[in-house]
Amino acid sequence: MLTLTWRRGDGRCAFLAGMLALLCYISPASAEDGYDLWLRYAPVGSSKVEGYRSALGNVVAPDRTPTQRVVREELRRGLAGLLGSEPRFRASPAGDAALVLGTPASSPWLAPLRHELEGVGEEGYLLRWTRLDGRDALVIAAHRDIGVLYGVFHLLRLVQAGVSLDGLDVSEVPRIKLRLLNHWDNLDGYVERGYAGGSLWDWHTLPGWEDPRYTDYARANASLGINGTVLNNVNANALSFSPAYLRKAAALADVFRPYGVRVYLSARFSAPMELGGLATADPLDPDVRQWWREKAREIYALIPDFGGFLVKANSEGQPGPQDYGRTHADGANVLADALAPHGGVVMWRAFVYAHDVPEDRAKQAYNEFVGLDGAFRDNVVVQVKNGPIDFQPREPFHPLFGAMPRTPLMLEFQITKEYLGFATHLVYLGPLYEEVLRADTHARGAGSTVARVVDGSLESHALSGIAGVANIGDDRTWSGSHFDQANWYAFGRLAWNPYQSARDIAAEWVAMTFSPAQEVVRPVVDMMMASRETAVDYMTPLGLHHVIARGHHYGPGPWVDGGPRADWTSVYYHRADRDGIGFDRTASGSDAVSQYAADVAREFNDVERVPEPLLLWFHHVRWDRRLRSGRPLWDELVHRYTRGVRNVEAMQVTWRRLEGRVDAPRHRQVAAFLRIQRDEAQWWRDASVAYFQSINGLPLPAGEAPPPHPLAYYLSLQFPYAPGDGR
Ligand code: GCW
């Protein structure tokens, strides 16, 4: 231990003071590295502390179950950080004002609320002031412990944002039942399309070693209301179902359980052959059915609250029922029957397309599934990506939404940014998610939004779900960058309530992650809200899609052609030639428009009416056609590419101004990533302009800088170790 003696005039004094300053500077307590996510619990402003302390200083909360203990620990940790002192846990609210938490079963004080709790369901909660024993008390009441935990996170969110608790009267119920992350994590620790390091799951040391990070992961998810996680990649390895790996999954399930996060697994359809030694995986074969039934029993013996299976079948080389001439419903139902006695569900993915089918890839999932509506068991949900191709920066909503009224459809978003600049580009996905959820399918007339299909309200389905392909890895920031945490956050908050606004969610996140000061929140939220459109501008303006480099998808590749299948090339999607550009999906083209409800189809089919951001998705358009700006298409395209680059520069300026308002370590990394993004936006612009100009031979619009390199240069760039490639 270092002892300091101060004597005026002592030369050592200055040296020691310097040392001390250095120690303070590098002290871990002050280093923000992003690990704490939006749960930093940084001290609230001194003007507010007393108000919060008087409401929250005394806490009455049970501590008998694991979740109850988690609730108390979260409150202790949160209030200690925010208010500078731990709350006093009391046995009863007598005396001072108190915060009273629990369920009617766990807390006698809350029994009178039994009636009012009827509306909040299994996971909802009340958070409000009431009179208890003649005194005002703030209560967080729920039917089950997990609802209390969600309520505690709600309360801590308010305090973190500096919101007054006066008159608080909240009743929250999640709108969607299954709110899941999908990890594309392989058993060797590699994460497909992962840009945040390796997998969080250390399969080798499980089940013996439960890394504390697993608990932090569950906590973060619970803070958003995420209630399930699929541990392994949809490109599944049958070994995940072997006894040894099931024990490892069970250990994770034990860690997650107090946080309300259930474990699910991706099932490999051919597992009965690979693990069970059967000669077939035909879903109608009695031995195969029996194998799945026994496997389900084995899983539930280890994980009594196991959630169910996620399946990618007959897609991109994965085995499936069609290998035996059976349908997707036959395949899903055999698994569903095995899980039904235990209460599990099957999430059967609709992301299917086949290279030997000449049909427009955008149409194939619909063609495959729409006729199966009504053919699935009650415990099957069909999981549909947000758009008909593949998580592009912008797609129209998937035509299956609204088209399978008798089947619950689960929406799949990608949180990891495979097509949006990986982890280094600052792209807030809230606006993308919001755009999809608010899109109107017109399935039952105007107002039949995707959100209403997905939450089950449009067709009165009891089962409903939403999944996000996780952007989480073992990087210290969890998500590969500070701003990518916002995408995990936004997904979770919208999964709880898909009608919230992306802007409000961003504002909460900024307040908790950086600072609740308006001088920080306002500019950062504005920057985030514009960021998705900016990425669309420099990557895929006007409805272009799938123009990425081959394989790893890092950077532009509009020239990608040839190879094993046409629908893995770029030229298949943009169809640029001397005269024009775009995929004709109108009635006179591939007729993909006809998969939408009549009103929507008419709009998309009409080149005058189609929303301009989707123009080239649905139409092949002449380069000289005048767009709404008055510019010809070619000029507009170049204009948007350039605008994208300029807007990244504007983000850099915004961020620079926040220096000193955001802690230095995080400020530095974000600034560096914005520089990378700026350079890559320029690369996207230049490479795209060079390529399309080589096709149309048109001059650049006045004032537009020519690409600094010839096209051959952009074509020559190779990135053999770009992260996340499928393998
Ligand atoms: O977007 C594509 C990815 C694949 C992925 C596939 C899918 C897991 O490039 O890596 O495979 O989608 O969603 O199944």
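What follows is a short chat about the strands and helices of this model.

Q: Before we start, what kind of model is this, and how are residues numbered?
A: This is a predicted model, in which local features need pLDDT of at least 70, side-chain atom pairs count only at pLDDT 80 or more, and totals for chains, interfaces and linings use all residues. Residues are numbered from 1 along each chain as its sequence is written, and side-chain values use heavy atoms, with hydrogens and water left out.

Q: In what order do the eight strands close into a barrel?
A: The order is 7-8-9-10-11-12-13-14, with parallel pairing; strands (E, at least two residues) and helices (H or I, at least four) are DSSP runs numbered from the N terminus, and two strands pair if DSSP finds at least two bridges between them. Neighbouring strands of this sheet are turned by 25° against each other on average, direction ignored.

Q: Which strands does helix 6 touch?
A: Helix 6 (residues 243-256) packs on the sheet against strand 8 (228-230) and strand 9 (262-266), and its direction makes about 150° with that of strand 9. Contact means heavy atoms within 4.5 Å, while axes are lines fitted to C-alpha atoms, for helices over the stretch in contact, with angles from 0 to 180 degrees between N-to-C directions.

Q: How many bridges join strand 9 to strand 10?
A: Two bridges join strand 9 to strand 10 (residues 308-311), and Leu265 stands opposite Phe309 in strand 10.

Q: And what stands opposite Phe309 in strand 11?
A: That is Val346, and four bridges join strand 10 to strand 11 (residues 345-349).
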